[in-house]
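Here is a short report for a first look at this structure. Take a moment with the sequence and the 3D view before reading on.

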Amino acid sequence: MYKNLNDVFNFISKLSFFKITNFVQLLFSYYYSRIKRKSCHKGMPFSVSIEPTTSCNLQCPECPSGLRSFNRPTGMLSYENFINIIDQFKKKLIYLNLYFQGEPFLNKDFCKMVKYASDAKIYTSTSSNAHFINKKLADEIVKSGLDRIIISIDGVSNETYIKYRKGGNLNKVLDGTANLINAKKVLRSTTPFIIWQFIVFRHNEHEIETIKKMAKKYNVDRLNIKTAQVYITNNTNFELIPQNTKYSRYEKGNEIIIKNNLMNHCWRMWQGCVITWDGDVCPCCFDKDAKYKLGNIVKSNFELIWRSEKYNQFRNSIFKSRKKIDICSNCSEGTKIWI
């Protein structure tokens with residue numbers, strides 16, 4: 001419990017009058033828009049995801065990075081472009097997720113980016129497979145001021161782990177976790193808040209109780225049990241979907257459908273956005289291939305993009321029929337399980 005409180009207090013310490021006021025504006029305009037069924041947008045994003053890279057060392061079968069199946073370019077976010085992006089947000093931004101697709105620690109400037117955002121009093125987070133977190137990098141991560149890290153660990157044995165995390169090694173995940181925990185102790189730091197994320201598949205659903213025990217043994221700050229996403233196509237591997245419906249994002253019947261009712265509104269369209277490594281602004285994290293590009297922050301001012309007719313048209317399309325928007329079809333809103 002005290003670990004969670006440390007994280008909460010750390011988050012609160014990042015707040016300011018301007019950030020809180022901005023959040024209230026966003027919240028008010030969102031509910032006003034829901035009532036009017038038309039986009040009315042006040043404020044700037046309080047949460048943004050920025051992609052350090054699309055490159056990855058693993059080949060996970062339901063991930064565009066792992067499949068190398070992007071229609072958009074693969075590349076690395078430059079430190080200069082990152083500074084330009086953050087400088088447009090930093091007065092009102094509360095939460096920065098330095099992750100979208102790919103393995104963030106493949107970007108050599110990752111810790112420099114975190115340090116710049118942390119110095120601007122922005123809560124920073126990332127997600128990693130932890131294969132590159134050696135002792136040196138662990139020290140750099142802690143010193144950078146990173147507030148939170150999610151480490152993917154989808155098996156309690158290497159045999160189970162590599163069924164989805166292809167090309168990976170569970171021992172590297174465990175070593176990376178241990179290195180980070182030790183660096184926190186040596187540097188007397190409460191950050192980053194370390195979360196193990198266990199995605200439930202059919203081949204690992206029997207290991208849920210064991211991963212809970214492992215999380216306690218390794219003394220990670222929290223364990224997240226998450227539902228698996230699959231792409232519903234003619235080639236879908238339905239063997240990935242767990243038998244226990246509690247841990248499934250989908251309903252089984254004559255066809256596989258998502259449990260989410262996909263109501264015609266979405267808070268994500270007000271609270272934040274995703275920015276790819278090359279500056280494209282996308283509506284949310286489910287637009288993995290950046291199909292719905294709403295502008296480019298490297299080539300244009302973000303506020304002009306955020307308030308543009310194109311962006312408002314997309315928000316209005318959510319009010320009309322969210323089920324017709326393909327990137328919404330796998331939305332996990334309301335289907336996560338927190339342990």
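## Contacts along the chain

Contact means heavy atoms within 4.5 Å. Take the contacts between residues at least 6 apart in sequence: 69% of them join residues at least 24 apart.

## Confidence

This is a predicted model. The mean pLDDT of the chain is 92. Of its residues, 94% reach 70 or more.

One stretch needs care in reading. Over residues 334-339, pLDDT stays under 50. For this stretch the model has 15 contacts beyond four places in sequence.

## Overall build

The chain holds 12 helices and 11 strands. Its radius of gyration is 20 Å, close to the 20 Å that the globule rule gives for 339 residues, so the chain is as compact as a globular protein of that length. Along the principal axes, the C-alpha atoms fill a box of roughly 55 × 50 × 40 Å.

## Surface and charge

Buried residues make up 55% of the 339 in the chain. The chain exposes about 16100 Å². Carbon and sulfur atoms supply 54% of that area.

The chain carries 52 positive and 29 negative charges.

## Lys166, in a loop

Where does Lys166 sit? Its place is in the loop between α7 (158-161) and α8 (170-186). Its relative accessibility is 37%, so Lys166 counts as partly exposed. That class lies between the 20% limit for buried and the 50% limit for exposed.

Cys60 is 106 residues away along the chain, yet the C-alpha atoms of Lys166 and Cys60 are separated by 5.5 Å. Leaving out residues up to four places away in sequence, Lys166 touches Leu58, Gln59 and Pro61.

## Ser118, in a helix

Ser118 belongs to helix α5, which spans residues 110-119. Is Ser118 buried or exposed? Its relative accessible area is 15%, and buried means under 20%, so Ser118 is buried.

Which residues does Ser118 contact, neighbours within four places in sequence aside? They are Lys14, Thr124, Ser144 and Gly145.

## The two residues together

Lys166 is a loop residue, and Ser118 is a helix residue. Lys166 is partly exposed, whereas Ser118 is buried. Among the partners of Lys166 is Gln59; among those of Ser118 is Lys14.

Methods: Residues are numbered from 1 along each chain as its sequence is written. This is a predicted model: local features need pLDDT of at least 70, side-chain atom pairs count only at pLDDT 80 or more; totals for chains, interfaces and linings use all residues. Side-chain values use heavy atoms; hydrogens and water are left out. pLDDT is the predictor's confidence in each residue, from 0 to 100. Helices (H or I, at least four residues) and strands (E, at least two) are DSSP runs, numbered from the N terminus. The radius of gyration is taken over C-alpha atoms; the globule rule is 2.2 Å times the number of residues to the power 0.38. Buried means under 20% relative accessible area, exposed over 50%, partly exposed in between (1.4 Å probe, protein chains only). Accessible areas come from the Shrake-Rupley method with a 1.4 Å probe; for residues, only the protein chains shown count as cover. Lys and Arg count as positive and Asp and Glu as negative; His and the chain ends are not counted. The place of a charge is taken as NZ of Lys, CZ of Arg, CG of Asp or CD of Glu.
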